[in-house]
Amino acid sequence: MINMWQLVLVIILSQGCIAQQSQVKSGVLKVENYTEGELTIKVAPFGLGKNEFIVGTVASDGVINFNWPEIDIEAIEGAEFYMSKIDRVMGMTFCNDKQIDDLNETAKAAPIEELSLYKKEKYIGSLYPATEKEIQDNASLNRSTGLVLGSSLSWCYSDSDGNFKAKCTVNLEMENVYDFMEVTAYDMELKKGWNVIQHTLVEKEDWKDEFQQGSLPKTSTKTSITTIPATINWYITYFGK
């Protein structure tokens, strides 16, 4: 018969196996069918020029290696001009109905607009992590664009630990075409330093009138994560191509 301590040990070992599986599940980060040679990954959350940081590389076989550096935010001139409250950085600017369950009012963050790629100090393009390459087009302000469901990743730098849990509802209406509520849920547990954000379009609203058709976001989530999901693929957009 298994006693209580043996049962606890079995549960702990099982949880350890699950944790290892979830870490392994993210696997090797790699750009498939890659032929560009070795590249350097840089970010510029506090402006271009002297405030750029090398955060990783793309090897000649397409394998991505991140190495996010520790930085002294106080030593970066003008850094405060690029930082805002967490809710604003995450895009919660206008809501018809706003529900905030948790928000660190003092923490500030700076978004990273792109993972820039350099070859021998020459800018050649950007690295884009998403479940589908076409998700990159979702950012278009053209509501006639057909949206693609799925997830993409972005990064930000936070000057301190800070939580942000909220829901934003926007009423969208076009007479005789569409009338619905767009809902975005935020679940952030940022740590001081670099953070990964997963943006997921869960549901879209397709519309059509006599002249054109398109789709709009209906249900979205924005969540901080610590492990990159295995469903994320890595794409390169080349400058000038």
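**Close-up 1. Asparagine 195 in strand 12 of the predicted model.** Asparagine 195 is found in strand 12, which spans residues 193-208; helices (H or I, at least four residues) and strands (E, at least two) are DSSP runs, numbered from the N terminus. Residues are numbered from 1 along each chain as its sequence is written, and side-chain values use heavy atoms, with hydrogens and water left out. Because this is a predicted model, local features need pLDDT of at least 70 and side-chain atom pairs count only at pLDDT 80 or more, whereas totals for chains, interfaces and linings use all residues.

**Close-up 2. Surroundings of asparagine 195.** With a relative accessible area of 6%, asparagine 195 is buried (under 20% relative accessible area, with exposed over 50% and partly exposed in between; 1.4 Å probe, protein chains only). A polar atom of its side chain lies 3.0 Å from the backbone oxygen of glycine 193. Leaving aside residues up to four places away in sequence, asparagine 195 touches Ser154, Trp155, Cys156, Ser158, Glu189 and Leu190, where contact means heavy atoms within 4.5 Å.

**Close-up 3. The disulfide of cysteine 95 and cysteine 168.** The sulfur atoms of cysteine 95 and cysteine 168 are 2.1 Å apart and form a disulfide, defined as a pair of cysteine sulfur atoms within 2.5 Å. The pair links distant parts of the chain, 73 residues apart, with cysteine 95 in the loop between helix 2 (86-89) and strand 5 (97-103) and cysteine 168 in strand 10 (residues 162-174). The torsion about the S-S bond is about -115°, so the disulfide is left-handed. Cysteine 95 counts as buried at 15% relative accessibility, and cysteine 168 is buried at 5%.

Note on methods
Polar contact = N/O pair within 3.5 Å; in protein donor to acceptor, adjacent residues only side chain to side chain.
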